[in-house]
Amino acid sequence: MNERLSRETPDLDRPLVDSASEDGRPDGRSSGSAILLVDDDPIVARAIEIALRLAGHRTEIAASPQEAFSRLAREHYDAILLDMNFGPGKSDGAEGLACLARILADDPAACVVVITAHSGIRIAVAAMQAGARDFAMKPWRNAELVGKVEAAIARTGSAATPAPTYRATGAPRLLGESAAMQTLRALIRRVAPSSAGIIVTGPSGAGRTLAAMAIHAASADAGTPLLRVDLRDQAAWRQLRGATGTVLLRYPDQLDTLTQARLVERLPPGLRCLAVADTVAPLSPALRRRIAIVEVPVPPLAARGDDSLLLARHFADDAAQRFGRPPATLTGAAEAAIRTAIWPDEVRGLALGIERAVLLSEDGRIDAAALALPTPAADAAVAQDASFDLDDAERAVIGAALREYRHNVTRAATALGLSRGALYRRMARYGL
């Protein structure tokens with residue numbers, strides 16, 4: 001948001017709703033929609049939120065695209081009101097267009113209305129061409145802005161093609177800004193619309209099932225339930241009889257050669273197969289041709305850089321909301337620990353650690369000790385393979401804790417779950 005406030009906000013001296021009925025809502029308008037507003041200017045966001053609330057709508061605010069993606073992963077919104085510029089010196093709309101593309105790639109039926117400066121008609125046209133339902137110019141009139149959002153929602157609800165069933169709770173969303181996750185999302189966009197068999201591989205807990213659900217959500221079968229079959233359970237194989245649409249096959253790599261041959265015979269013609277496995281190596285050529293024409297590898301958390309911190313914040317917000325706890329914040333030491341930790345069970349393990357820390361926190365402040373991080377001794381094999389990184393990781397965590405508590409050794413030791421003596425020994429070892 002780079003334009004001056006006087007150009008962006010409505011005239012605050014006039015009523016926030018330009019034409020209202022006796023109940024405070026604009027005449028002739030619908031009400032009760034859930035709207036996500038993505039805008040980094042708190043004053044502008046507050047003004048829009050008030051206008052939408054007076055019109056009867058529930059509005060949540062995300063101050064950045066990353067926060068918006070996190071909220072969209074937790075909840076479905078009837079409309080998304082998206083500003084086109086974020087951060088200082090930005091006016092070309094590139095950030096907004098990238099955010100719009102990501103939203104629509106995750107959920108092609110999303111109802112997005114963009115906001116741009118009065119001089120940004122080119123950006124508005126580009127957004128409409130990319131799939132936005134409408135646009136509003138700054139400065140706006142409240143009644144006009146509310147009307148555009150409500151009209152866009154109405155058009156979405158009356159569309160001839162019914163929305164896929166996953167829209168009831170929101171489309172499956174793969175969070176992460178790392179190059180590895182951008183590659184994964186791009187691959188899913190390319191292969192999901194086809195009818196080819198696709199196998200999702202990677203470490204358990206990294207998000208393989210979520211990736212498979214995202215493939216299904218972007219396919220022609222998105223409007224039908226995804227049949228899930230655990231192939232280790234022989235009784236579950238009965239679900240394959242006469243099955244249509246798309247099936248998700250779990251653990252095909254754990255079947256012996258004879259059982260794989262039986263599976264190929266059991267799969268009905270025309271049934272699209274998605275599969276989740278550790279690797280494609282154990283699959284027979286016949287089974288691979290049927291269920292694994294394309295392999296979609298999900299990267300391990302260690303290959304995703306700062307995505308671990310982005311995910312930790314997402315899990316903390318989600319846990320605080322689900323468990324009725326105060327909003328959670330991570331200390332600098334906790335953030336450093338999350339970045340460098342080797343998480344057993346991958347993303348699933350990170351989620352468990354964050355949820356536990358949120359529940360045990362008394363004031364919403366999560367430090368490194370509350371995370372109960374795994375120690376190198378917990379997995380000797382992993383420790384041996386990664387030992388060249390562990391010293392650097394421990395040094396980074398201790399340094400972050402000392403900075404967080406202004407080199408108060410007692411408080412830093414408590415946050416790290418160490419005694420003062422143990423912390424002093426580590427400080428001496430690392431020259432801190």
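## The model

This is a predicted model, where local features need pLDDT of at least 70, side-chain atom pairs count only at pLDDT 80 or more, and totals for chains, interfaces and linings use all residues. Residues are numbered from 1 along each chain as its sequence is written, and side-chain values use heavy atoms, without hydrogens and water.

## Asp83

UniProt, in an unreviewed entry, lists Asp83 as "modified residue: 4-aspartylphosphate". Such annotations may be inferred rather than shown by experiment. Asp83 sits in strand β3 (residues 79-83); strands are DSSP runs of E, at least two residues, and helices are runs of H or I, at least four. Asp83 is buried, at 1% relative accessibility. Buried means under 20% relative accessible area, exposed over 50%, and partly exposed in between (1.4 Å probe, protein chains only).

## Salt bridges

The whole structure has 19 salt bridges. Each is a side-chain nitrogen of Lys or Arg within 4 Å of a carboxyl oxygen of Asp or Glu.

Arg102 pairs with Glu177, with the closest N and O atoms 3.0 Å apart. Arg102 lies in helix α4 and Glu177 in the loop between α6 and α7, so the pair ties together parts 75 residues apart in sequence. Arg102 is buried, at 10%. Glu177 is partly exposed, at 28%.

Arg322 and Asp318 also form a salt bridge (2.8 Å, N to O). They are four residues apart in helix α11, about one helical turn.

## Position of Leu359

Leu359 belongs to helix α13 (residues 346-360). Leu359 is partly exposed, with a relative accessible area of 42%.
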